[in-house]
Amino acid sequence: MTNDFKVVHTIAEVREAVKAWKREGLTVGLVPTMGFLHEGHQSLIEKAVAQNDRVVVSDFVNPTQFGPTEDLAAYPRDLDRDSALVQDAGANILFNPSPEEMYYPDRTTAITMSTITEELCGKSRPVHFGGVCTVVAKLFNIVTPDRAYFGQKDAQQLLVIRRMVRDLNFDIQIVGCPIIREADGLAKSSRNTYLNKDERTAAPVLHRALEAGRALAESGEKSAEAIKAKVREVLATEPLADPEYVEVVDLNTVHPVATLDQPVLVAIAVRIGKTRLIDNFFYPELH
Ligand code: AMP
(Lines give C-alpha, C1' and ligand atoms only; values in the text may rest on other atoms or scores of the structure.)
Protein backbone atom coordinates (compact mmCIF):
# COMPACT_ATOMS: atom_id res chain seq x y z
CA MET A 1 0.00 0.00 0.00
CA THR A 2 1.44 3.37 -0.87
CA ASN A 3 -0.68 5.70 1.19
CA ASP A 4 1.12 7.99 3.61
CA PHE A 5 0.65 6.13 6.92
CA LYS A 6 2.04 6.22 10.45
CA VAL A 7 1.26 5.05 13.95
CA VAL A 8 1.41 7.89 16.47
CA HIS A 9 1.13 7.83 20.24
CA THR A 10 0.94 11.51 21.21
CA ILE A 11 -1.70 14.20 20.92
CA ALA A 12 0.92 16.69 19.72
CA GLU A 13 1.84 14.51 16.71
CA VAL A 14 -1.80 14.14 15.67
CA ARG A 15 -2.37 17.89 15.97
CA GLU A 16 0.71 18.67 13.91
CA ALA A 17 -0.33 16.32 11.08
CA VAL A 18 -3.92 17.56 11.05
CA LYS A 19 -2.83 21.21 11.00
CA ALA A 20 -0.60 20.52 7.98
CA TRP A 21 -3.49 18.80 6.17
CA LYS A 22 -5.84 21.67 6.94
CA ARG A 23 -3.34 24.23 5.65
CA GLU A 24 -3.59 22.36 2.33
CA GLY A 25 -7.37 22.57 2.50
CA LEU A 26 -7.81 18.80 2.92
CA THR A 27 -10.81 17.23 4.66
CA VAL A 28 -10.32 14.89 7.62
CA GLY A 29 -12.31 11.84 8.73
CA LEU A 30 -12.07 10.21 12.19
CA VAL A 31 -12.89 6.59 13.06
CA PRO A 32 -12.83 6.07 16.86
CA THR A 33 -12.18 2.44 17.91
CA MET A 34 -10.92 0.37 20.81
CA GLY A 35 -8.71 -1.67 18.49
CA PHE A 36 -8.55 -5.43 17.86
CA LEU A 37 -9.95 -4.45 14.52
CA HIS A 38 -12.17 -6.60 12.30
CA GLU A 39 -14.23 -6.17 9.13
CA GLY A 40 -16.79 -4.06 11.01
CA HIS A 41 -14.15 -1.44 11.81
CA GLN A 42 -12.70 -1.87 8.33
CA SER A 43 -16.03 -0.91 6.75
CA LEU A 44 -16.06 2.34 8.75
CA ILE A 45 -12.46 3.11 7.76
CA GLU A 46 -13.14 2.41 4.08
CA LYS A 47 -16.17 4.70 4.13
CA ALA A 48 -14.09 7.41 5.82
CA VAL A 49 -11.34 7.00 3.21
CA ALA A 50 -13.91 7.29 0.41
CA GLN A 51 -15.43 10.47 1.85
CA ASN A 52 -12.36 12.39 3.14
CA ASP A 53 -8.90 13.39 1.90
CA ARG A 54 -7.20 12.12 5.08
CA VAL A 55 -8.32 9.68 7.78
CA VAL A 56 -7.31 9.21 11.42
CA VAL A 57 -8.25 5.96 13.19
CA SER A 58 -7.99 6.05 16.96
CA ASP A 59 -7.12 2.82 18.74
CA PHE A 60 -7.63 3.30 22.47
CA VAL A 61 -9.15 0.98 25.06
CA ASN A 62 -10.74 3.78 27.03
CA PRO A 63 -10.65 2.94 30.74
CA THR A 64 -13.32 5.48 31.73
CA GLN A 65 -16.07 3.70 29.80
CA PHE A 66 -15.59 0.41 31.69
CA GLY A 67 -17.29 -0.21 35.05
CA PRO A 68 -15.26 -1.67 37.93
CA THR A 69 -16.44 -5.26 37.28
CA GLU A 70 -16.13 -5.09 33.47
CA ASP A 71 -13.54 -6.50 31.06
CA LEU A 72 -11.01 -3.61 30.81
CA ALA A 73 -7.94 -5.74 31.62
CA ALA A 74 -9.08 -8.69 29.49
CA TYR A 75 -10.08 -6.58 26.46
CA PRO A 76 -8.09 -7.96 23.47
CA ARG A 77 -5.29 -5.87 21.98
CA ASP A 78 -3.05 -6.34 18.90
CA LEU A 79 -1.50 -3.10 17.67
CA ASP A 80 0.58 -4.70 14.89
CA ARG A 81 -2.41 -6.39 13.31
CA ASP A 82 -4.51 -3.22 13.72
CA SER A 83 -1.85 -1.11 12.11
CA ALA A 84 -1.65 -3.39 9.04
CA LEU A 85 -5.45 -3.35 8.66
CA VAL A 86 -5.66 0.44 8.99
CA GLN A 87 -2.91 1.00 6.46
CA ASP A 88 -4.44 -1.49 3.98
CA ALA A 89 -7.80 0.24 4.33
CA GLY A 90 -6.14 3.48 3.21
CA ALA A 91 -6.14 5.54 6.40
CA ASN A 92 -3.23 7.86 7.24
CA ILE A 93 -2.80 7.84 11.00
CA LEU A 94 -3.41 5.20 13.64
CA PHE A 95 -3.57 7.14 16.91
CA ASN A 96 -2.72 4.84 19.81
CA PRO A 97 -2.31 6.94 22.97
CA SER A 98 -1.61 5.58 26.44
CA PRO A 99 -4.21 6.27 29.15
CA GLU A 100 -1.67 8.71 30.65
CA GLU A 101 -1.47 10.59 27.34
CA MET A 102 -5.26 10.90 27.19
CA TYR A 103 -6.08 11.66 30.83
CA TYR A 104 -4.58 14.13 33.29
CA PRO A 105 -4.43 12.42 36.69
CA ASP A 106 -6.08 15.50 38.26
CA ARG A 107 -8.76 15.97 35.58
CA THR A 108 -11.99 17.49 36.83
CA THR A 109 -14.01 17.77 33.62
CA ALA A 110 -16.22 15.10 32.06
CA ILE A 111 -19.33 14.95 29.92
CA THR A 112 -22.51 13.67 31.47
CA MET A 113 -25.71 13.04 29.57
CA SER A 114 -29.14 12.22 30.89
CA THR A 115 -32.27 10.32 29.80
CA ILE A 116 -31.05 8.68 26.57
CA THR A 117 -28.01 7.25 28.36
CA GLU A 118 -30.13 5.76 31.13
CA GLU A 119 -32.02 3.21 29.03
CA LEU A 120 -30.84 -0.05 27.40
CA CYS A 121 -27.08 -0.54 28.05
CA GLY A 122 -27.08 2.48 30.40
CA LYS A 123 -29.12 0.51 32.95
CA SER A 124 -26.45 -2.12 33.57
CA ARG A 125 -23.48 0.09 32.57
CA PRO A 126 -24.06 3.34 34.50
CA VAL A 127 -20.62 4.89 33.82
CA HIS A 128 -20.33 3.70 30.22
CA PHE A 129 -21.81 6.50 28.13
CA GLY A 130 -20.26 9.28 30.22
CA GLY A 131 -16.88 7.68 29.51
CA VAL A 132 -17.68 7.26 25.80
CA CYS A 133 -18.88 10.85 25.39
CA THR A 134 -15.89 12.29 27.24
CA VAL A 135 -13.32 10.36 25.22
CA VAL A 136 -15.12 11.03 21.92
CA ALA A 137 -15.33 14.77 22.73
CA LYS A 138 -11.60 14.73 23.50
CA LEU A 139 -10.87 12.92 20.21
CA PHE A 140 -13.04 15.47 18.38
CA ASN A 141 -10.98 18.29 19.93
CA ILE A 142 -7.67 16.56 19.18
CA VAL A 143 -8.42 15.55 15.58
CA THR A 144 -10.95 18.29 14.64
CA PRO A 145 -12.42 16.05 11.90
CA ASP A 146 -14.98 17.12 9.30
CA ARG A 147 -16.72 13.75 9.65
CA ALA A 148 -16.66 10.96 12.26
CA TYR A 149 -17.79 7.37 11.68
CA PHE A 150 -19.75 5.18 14.10
CA GLY A 151 -21.27 1.72 13.62
CA GLN A 152 -24.93 0.89 14.04
CA LYS A 153 -23.63 -2.17 15.91
CA ASP A 154 -23.56 0.17 18.94
CA ALA A 155 -26.86 1.81 18.08
CA GLN A 156 -27.41 3.55 21.40
CA GLN A 157 -23.87 4.95 21.22
CA LEU A 158 -24.63 6.31 17.73
CA LEU A 159 -27.78 8.05 19.00
CA VAL A 160 -25.92 9.37 22.07
CA ILE A 161 -23.04 10.77 20.01
CA ARG A 162 -25.42 12.44 17.55
CA ARG A 163 -27.17 14.07 20.50
CA MET A 164 -23.91 15.22 22.09
CA VAL A 165 -22.78 16.74 18.79
CA ARG A 166 -26.08 18.59 18.47
CA ASP A 167 -26.25 19.73 22.10
CA LEU A 168 -22.62 20.90 22.27
CA ASN A 169 -22.47 22.33 18.72
CA PHE A 170 -19.58 20.25 17.44
CA ASP A 171 -19.13 21.17 13.78
CA ILE A 172 -18.73 17.53 12.77
CA GLN A 173 -20.90 15.32 10.59
CA ILE A 174 -21.67 11.99 12.26
CA VAL A 175 -21.85 9.17 9.72
CA GLY A 176 -23.66 5.97 10.80
CA CYS A 177 -22.51 2.71 9.20
CA PRO A 178 -24.40 -0.61 8.86
CA ILE A 179 -23.64 -3.71 10.97
CA ILE A 180 -21.12 -6.12 9.43
CA ARG A 181 -21.85 -9.77 10.30
CA GLU A 182 -20.27 -13.20 10.18
CA ALA A 183 -21.70 -15.61 7.59
CA ASP A 184 -24.01 -17.10 10.25
CA GLY A 185 -25.41 -13.69 11.20
CA LEU A 186 -23.40 -12.98 14.36
CA ALA A 187 -22.49 -9.28 14.45
CA LYS A 188 -18.71 -8.94 14.28
CA SER A 189 -17.25 -7.79 17.59
CA SER A 190 -13.86 -7.75 19.27
CA ARG A 191 -15.60 -9.46 22.20
CA ASN A 192 -16.53 -12.51 20.06
CA THR A 193 -13.00 -13.78 20.81
CA TYR A 194 -14.18 -14.45 24.39
CA LEU A 195 -16.63 -17.13 23.17
CA ASN A 196 -15.66 -20.79 23.48
CA LYS A 197 -16.74 -23.24 20.77
CA ASP A 198 -20.20 -24.02 22.19
CA GLU A 199 -20.85 -20.36 22.96
CA ARG A 200 -19.80 -19.34 19.45
CA THR A 201 -22.26 -21.90 18.04
CA ALA A 202 -24.99 -20.46 20.27
CA ALA A 203 -24.28 -16.76 19.60
CA PRO A 204 -26.07 -16.36 16.22
CA VAL A 205 -29.35 -16.77 18.13
CA LEU A 206 -29.23 -12.99 18.73
CA HIS A 207 -29.51 -12.32 15.00
CA ARG A 208 -32.12 -15.06 14.47
CA ALA A 209 -34.24 -13.61 17.27
CA LEU A 210 -34.02 -10.08 15.85
CA GLU A 211 -34.83 -11.32 12.34
CA ALA A 212 -37.97 -13.00 13.73
CA GLY A 213 -38.90 -9.69 15.40
CA ARG A 214 -38.25 -7.80 12.19
CA ALA A 215 -40.39 -10.23 10.15
CA LEU A 216 -43.25 -9.71 12.60
CA ALA A 217 -42.92 -5.91 12.30
CA GLU A 218 -42.83 -6.22 8.51
CA SER A 219 -46.01 -8.29 8.59
CA GLY A 220 -47.75 -5.26 10.11
CA GLU A 221 -47.55 -6.03 13.84
CA LYS A 222 -47.64 -2.71 15.74
CA SER A 223 -47.43 -3.96 19.32
CA ALA A 224 -43.97 -3.59 20.86
CA GLU A 225 -44.94 -6.28 23.41
CA ALA A 226 -45.65 -8.74 20.59
CA ILE A 227 -42.30 -7.98 18.91
CA LYS A 228 -40.41 -8.36 22.19
CA ALA A 229 -42.26 -11.62 22.97
CA LYS A 230 -41.25 -13.03 19.57
CA VAL A 231 -37.59 -12.03 20.08
CA ARG A 232 -37.60 -13.56 23.59
CA GLU A 233 -39.25 -16.73 22.27
CA VAL A 234 -36.41 -17.32 19.79
CA LEU A 235 -33.72 -16.43 22.39
CA ALA A 236 -35.31 -19.00 24.74
CA THR A 237 -34.59 -21.78 22.22
CA GLU A 238 -30.88 -21.43 23.05
CA PRO A 239 -30.04 -22.66 26.57
CA LEU A 240 -26.72 -20.75 26.69
CA ALA A 241 -28.45 -17.42 25.98
CA ASP A 242 -29.37 -15.29 29.00
CA PRO A 243 -31.11 -12.06 27.90
CA GLU A 244 -30.28 -8.87 29.81
CA TYR A 245 -32.79 -6.76 27.90
CA VAL A 246 -35.05 -6.93 24.87
CA GLU A 247 -36.39 -3.45 24.14
CA VAL A 248 -38.24 -1.40 21.55
CA VAL A 249 -37.40 2.29 21.93
CA ASP A 250 -38.11 5.63 20.32
CA LEU A 251 -35.16 7.01 18.34
CA ASN A 252 -35.24 10.43 19.99
CA THR A 253 -35.93 9.61 23.61
CA VAL A 254 -34.47 6.07 23.63
CA HIS A 255 -37.47 5.40 25.88
CA PRO A 256 -39.54 2.20 25.49
CA VAL A 257 -42.62 2.55 23.27
CA ALA A 258 -45.84 0.56 23.32
CA THR A 259 -46.62 0.74 19.61
CA LEU A 260 -44.58 0.97 16.43
CA ASP A 261 -46.15 4.10 15.04
CA GLN A 262 -42.87 5.98 14.82
CA PRO A 263 -39.36 4.84 13.77
CA VAL A 264 -37.95 2.56 16.47
CA LEU A 265 -34.80 0.79 17.54
CA VAL A 266 -35.23 -2.85 18.55
CA ALA A 267 -32.19 -3.63 20.70
CA ILE A 268 -31.04 -6.60 22.75
CA ALA A 269 -28.21 -7.46 25.13
CA VAL A 270 -27.69 -11.15 25.82
CA ARG A 271 -25.14 -13.02 27.89
CA ILE A 272 -23.69 -16.09 26.24
CA GLY A 273 -21.77 -17.66 29.10
CA LYS A 274 -19.82 -14.77 30.64
CA THR A 275 -19.76 -12.73 27.42
CA ARG A 276 -22.24 -9.90 26.96
CA LEU A 277 -23.28 -9.42 23.32
CA ILE A 278 -25.47 -6.70 21.82
CA ASP A 279 -27.35 -6.49 18.53
CA ASN A 280 -30.23 -4.48 17.08
CA PHE A 281 -32.21 -3.30 14.10
CA PHE A 282 -33.86 -0.03 13.21
CA TYR A 283 -37.45 -0.24 11.98
CA PRO A 284 -37.84 1.00 9.38
CA GLU A 285 -34.21 0.61 8.25
CA LEU A 286 -32.22 3.85 8.45
CA HIS A 287 -30.11 3.21 5.35
P1 AMP B 1 -15.25 -0.64 19.19
O2 AMP B 1 -13.83 -0.85 18.80
O3 AMP B 1 -15.98 -1.90 19.54
O4 AMP B 1 -15.43 0.47 20.20
O5 AMP B 1 -15.98 -0.12 17.88
C6 AMP B 1 -15.51 1.01 17.18
C7 AMP B 1 -16.55 1.39 16.15
O8 AMP B 1 -16.73 0.31 15.23
C9 AMP B 1 -17.92 1.70 16.77
O10 AMP B 1 -18.49 2.82 16.10
C11 AMP B 1 -18.69 0.43 16.50
O12 AMP B 1 -20.07 0.63 16.41
C13 AMP B 1 -18.11 0.01 15.16
N14 AMP B 1 -18.33 -1.42 14.95
C15 AMP B 1 -17.97 -2.43 15.79
N16 AMP B 1 -18.40 -3.61 15.31
C17 AMP B 1 -19.05 -3.35 14.15
C18 AMP B 1 -19.73 -4.15 13.19
N19 AMP B 1 -19.84 -5.46 13.33
N20 AMP B 1 -20.28 -3.53 12.12
C21 AMP B 1 -20.19 -2.18 11.99
N22 AMP B 1 -19.57 -1.37 12.85
C23 AMP B 1 -19.01 -1.94 13.92
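A residue counts as buried when its relative accessible area is under 20%. By that criterion Phe140, with a relative accessible area of 2%, is buried. The model described here is predicted.

**Aromatic pairs**

- Rings of Phe, Tyr and Trp are paired if their centres lie within 6.5 Å, and by this rule the count comes to three aromatic pairs.
- One of these is formed by Phe60 and Tyr103, whose ring centres are 6.3 Å apart and whose planes stand at 40 degrees, a tilted arrangement.
- Phe60 belongs to the loop between strand E3 (54-59) and helix H3 (79-88), and Tyr103 to the loop between helix H4 (99-102) and helix H5 (121-124), so this pair ties together parts that are 43 residues apart in sequence.
- Phe60 and Tyr103 are both buried.
- Another pair joins Phe140 and Phe170; the ring centres are 5.4 Å apart and the planes lie at 75 degrees, so the pair is edge-to-face, given that angles over 60 degrees fall in that class.
- Phe140 is part of helix H6 (residues 128-143), whereas Phe170 is in the loop between helix H7 (155-167) and strand E6 (173-177), so the pair ties together parts that are 30 residues apart in sequence.
- Phe170 has a relative accessible area of 18% and is therefore buried, as Phe140 is at 2%.

**A charge over a ring**

- Arg81 is placed over the face of Phe36, at 4.8 Å from the ring centre.

**Contact between helices H1 and H6**

- Two packed helices are described by the angle between their axes and the distance between the axes.
- For helix H1 (residues 11-23) and H6, the axes come within 8 Å and cross at roughly 50 degrees.
- On the H1 side the contact involves Ile11, Val14, Arg15 and Val18, which meet Asn141, Ile142 and Val143 of H6.
- By residue class, the contact of H1 with H6 comprises five nonpolar residues, one polar and one charged.

- Lys228 is located in helix H10 (residues 224-235).
- The relative accessibility of Lys228 is 13%, so this lysine counts as buried.
- Neighbours within four places in sequence set aside, Lys228 is in contact with Val246, Glu247 and Val248.
- Arg214 is located in helix H9 (residues 205-218).
- With a relative accessibility of 16%, Arg214 also counts as buried.
- Apart from neighbours within four places in sequence, Arg214 is in contact with Phe281, Phe282 and Glu285.
- Arg214 and Pro284 are 70 residues apart along the chain, and their C-alpha atoms are separated by 9.2 Å.

**The cis peptide bond at Pro284**

- The peptide bond leading from Tyr283 to Pro284 is cis, and its omega is near -5 degrees.
- Pro284 itself lies in the segment after strand E9 (275-283).

- Thr115 has a phi near 50 degrees, a positive value in a residue other than glycine.
- Thr115 is found in the loop between H4 and H5, and at 48% relative accessibility it counts as partly exposed.
- Val254 has a phi near 55 degrees, again a positive value in a residue other than glycine.
- Val254 is found in the loop between strand E7 (241-250) and strand E8 (264-272), and at 1% relative accessibility this valine counts as buried.

**A buried asparagine in a loop**

- Asn192 is situated in the loop between E6 and helix H8 (197-202).
- Its relative accessibility is 12%, so Asn192 counts as buried.
- The C-alpha atoms of Asn192 and Thr275 are separated by 8.0 Å, although the two residues are 83 residues apart along the chain.
- Residues up to four places away in sequence not being counted, Asn192 touches Leu186, Ala187 and Leu277.

Conventions
Residues are numbered from 1 along each chain as its sequence is written. This is a predicted model: local features need pLDDT of at least 70, side-chain atom pairs count only at pLDDT 80 or more; totals for chains, interfaces and linings use all residues. Side-chain values use heavy atoms; hydrogens and water are left out. Rings of Phe, Tyr and Trp (its six-membered ring) pair if their centres lie within 6.5 Å; planes under 30 degrees apart count as stacked, over 60 as edge-to-face and the rest as tilted. Helices (H or I, at least four residues) and strands (E, at least two) are DSSP runs, numbered from the N terminus. Buried means under 20% relative accessible area, exposed over 50%, partly exposed in between (1.4 Å probe, protein chains only). A charge sits over a ring if NZ of Lys or CZ of Arg is within 6 Å of the ring centre and within 35 degrees of the ring normal. Axes are lines fitted to C-alpha atoms, for helices over the stretch in contact, and angles run from 0 to 180 degrees between N-to-C directions. Contact means heavy atoms within 4.5 Å. Ala, Val, Leu, Ile, Met, Phe, Trp, Tyr, Cys and Pro count as nonpolar, Asp, Glu, Lys and Arg as charged, and the others, Gly among them, as polar.
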